[in-house]
Amino acid sequence: MGKKWVYLFTEGNADMRELLGGKGANLAEMTNIGLPVPQGFTITTEACTQYYEDGREINDEIMGQINEHIEKMEQITGKKFGDMENPLLVSVRSGARASMPGMMDTVLNLGMNDETVKTFAEKNRRFAYDSYRRFIQMYSDVVKEVPKKLFEDAIDTKKYQRNLKLDTDMDANDLEDLVKVFKGIYSNYLHEEFPQDTKLQLIEAIKAVFRSWNNPRAITYRKLNDIPSSWGTAENVQAMVFGNMGDDCGTGVAFSRNPVTGEKGVWGEFLMNAQGEDVVAGIRTPQSIDTLKYINPEAYNDFLKFADRLEKHYKDMQDMEFTIEDGKLYI
């Protein structure tokens with residue numbers, strides 16, 4: 001038995017921070033105490049260090065374990081990468097052992113391509129093309145270093161042509177058009193087509209997150225905060241849940257008590273029919289978490305229960321992100 005480079009969330013715990021990074025260790029711990037965490041796996045900080053030792057390549061042993069865990073994840077979720085019936089989409093996020101907010105890169109909605117987008121469009125066309133254009137945007141930026149501005153300009157042009165104010169005013173047709181424009185930007189800039197092979201998308205994203213450990217922002221941040229470069233970053237590959245599929249979906253951030261006074265009781269905000277970054281981007285005004293009890297009492301009560309369980313477990317105030325998909329709450 002060689003070294004273990006990849007861990008399912010069910011295999012880790014909070015004490016494994018050095019190996020699984022802060023995010024991975026906590027996702028594992030929350031899974032263990034029975035919280036509804038979308039499942040996935042963590043690639044260890046040691047795999048990151050090894051990636052640099054191997055001249056910025058993921059060696060065969062690590063790659064083999066990643067592929068094994070992709071299959072395990074497909075079994076757990078009952079979904080498959082690139083599948084037309086029930087496609088699996090994931091997020092790929094870095095998670096170092098010291099918190100490095102905003103320094104490292106994230107890719108969401110990975111697993112979308114020209115085929116799987118059609119499967120999602122059968123349920124909700126606007127959601128499908130919105131998710132696909134977001135994925136192309138993030139993948140181009142994080143994995144291929146295509147300038148963000150090219151995509152932002154394309155969105156502005158679209159809104160100007162259609163006389164729209166907000167990104168959220170764009171309809172399914174606008175977003176489907178943007179997907180074509182974005183794929184054009186990608187191929188013009190890189191002289192290759194946007195990748196349709198979903199496993200390839202994943203491997204490229206995993207490499208990019210390891211690379212982002214040494215991007216200029218991350219290096220500067222480490223110097224300022226005395227974080228050794230030898231630590232490396234772990235990575236979390238997690239099944240996506242969607243807060244932007246309709247009005248029984250949403251996303252938010254909340255504390256398990258008032259962060260100013262320390263008074264008990266959940267404190268935070270959320271948006272219905274939104275993805276995570278919408279809450280912090282300030283495009284729409286979020287609602288206070290208290291109003292969730294009128295919109296979805298079940299999710300609200302679950303949230304109170306989980307906040308309490310987390311606080312008792314960690315013996316400290318908790319800062320939580322949550323998503324509601326089809327009325328069901330995930331932490």
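## Close-up views of a predicted model

View 1. Lysine 159 is a residue of helix H6, which spans residues 148-162; helices here are DSSP runs of H or I with at least four residues, strands are DSSP runs of E with at least two, and both are numbered from the N terminus. This is a predicted model, in which local features need pLDDT of at least 70 and side-chain atom pairs count only at pLDDT 80 or more, whereas totals for chains, interfaces and linings use all residues. Residues are numbered from 1 along each chain as its sequence is written, and side-chain values use heavy atoms, with hydrogens and water left out. With a relative accessible area of 12%, lysine 159 is buried, a term that means under 20% relative accessible area, as against exposed for over 50% and partly exposed in between, with a 1.4 Å probe and protein chains only. Leaving aside residues up to four places away in sequence, lysine 159 touches Leu164, Lys165, Leu166, Asp167 and Met170, where contact means heavy atoms within 4.5 Å. One of these neighbours, aspartate 167, also makes a side chain to side chain polar contact with lysine 159, at 2.6 Å; a polar contact is a pair of N or O atoms within 3.5 Å, of which, within protein, one must be able to donate a hydrogen and the other to accept it, and residues adjacent in sequence count only if both atoms are side-chain atoms. The C-alpha atoms of lysine 159 and asparagine 258, which are 99 residues apart along the chain, are separated by 39 Å.

**View 2. Serine 187 in helix H7.** Helix H7, residues 172-190, contains serine 187, which counts as buried because its relative accessibility is 16%. A polar atom of the serine 187 side chain lies 3.3 Å from the backbone oxygen of glycine 184. Not counting residues up to four places away in sequence, serine 187 touches Glu192 and Glu193.

View 3. Strand S2 (residues 40-43) runs antiparallel to S5 and is joined to S5 by four bridges, two strands being counted as paired if DSSP finds at least two bridges between them. Strand S3 (residues 90-95) is also antiparallel to S5, with six bridges. Valine 237 of S5 is the bridge partner of phenylalanine 41 and also of valine 92.

**View 4. Strand S4 beside strand S3.** Four of the five residues of strand S4 (residues 106-110) are buried. S3 and S4 pair in the antiparallel sense over three bridges, and arginine 93 stands opposite threonine 106 in S4.

View 5. Two bridges connect S8 with strand S7 (residues 264-272), and glutamate 269 stands opposite serine 288 in S8.

View 6. Glutamine 75 has its place in helix H3 (residues 60-77) and, at 64% relative accessibility, counts as exposed. In helix H4 (residues 116-123), the buried residues are Thr116, Val117, Thr119, Phe120 and Ala121, and what covers them includes helix H5 (125-142).
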